[in-house]
Amino acid sequence: MFCLLLPKIHGLDRERILQEVQFKAVRSSGAGGQHVNKVSTKVELAFDLMGSNALSDAEKERLLLKLRNRLTKENWLLLQCDESRSQHKNRELVAKRFLEVLTNALKVPKKRRSTRPSKSSVEKRLQAKKRAAQKKANRGKPNLD
């Protein structure tokens, strides 16, 4: 196939995932003269999320949840690329983008651990508030009583 310099996706084998991907070359749209009407440089990538054997059930559920707005009704992920005039380059770009989408969707964010502010930070904040209040109080008219 072609070489992509991406690390493994959370322990997943990227070659195995890329074997399940379907590529289709179609004609690019837009201006380009005679050449654009003759060649199929735009590449469309299709990936059947539920039919994949390279992903575990937990990973499929996470991807369904994270990518729900990018999936078709049949749970296919569709990506396309027509940035380059080369079909081979577009194929590499769309595959790289596909692996990045999977990687980002499979990342599990760290749980937030609640912490308390330190005594010194609380004291600093209160002192700053007092200084600001005093500064504003000094802006008023003086009391001549």
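Helix α3 lies across β1, β2 and β3 and runs at about 140° to β3 (axes are lines fitted to C-alpha atoms, for helices over the stretch in contact, with angles from 0 to 180 degrees between N-to-C directions; contact means heavy atoms within 4.5 Å). The model is predicted, so to speak of local features takes pLDDT of at least 70 and side-chain atom pairs count only at pLDDT 80 or more, while totals for chains, interfaces and linings use all residues. Residues are numbered from 1 along each chain as its sequence is written, and side-chain values use heavy atoms, leaving out hydrogens and water.

The sheet itself is open, with three strands in the order β1-β2-β3 and antiparallel pairing (strands are DSSP E runs of at least two residues, helices H or I runs of at least four, numbered from the N terminus; two strands pair if DSSP finds at least two bridges between them). β1 and β3 sit at the edges, each pairing on one side only. Between β1 and β2 there are five bridges, and F23 stands opposite L45 in β2.

As for α3, its 20 residues (87-106) span 29 Å from first C-alpha to last, close to the 28 Å expected (1.5 Å times one less than the number of residues). Its buried residues (under 20% relative accessible area, 1.4 Å probe, protein chains only) are N90, V94, A95, F98, L99, V101, L102, A105 and L106. They cover an arc of only 170° around the axis, which puts them on the same side of α3 (the arc is taken from the directions from helix axis to C-beta atoms). Their cover includes α1 (14-19), α2 (57-66) and the strands β1 (22-26), β2 (42-48) and β3 (76-81).

Notes:
Buried < 20%, exposed > 50% of the residue type's maximum accessible area, 1.4 Å probe, protein only.
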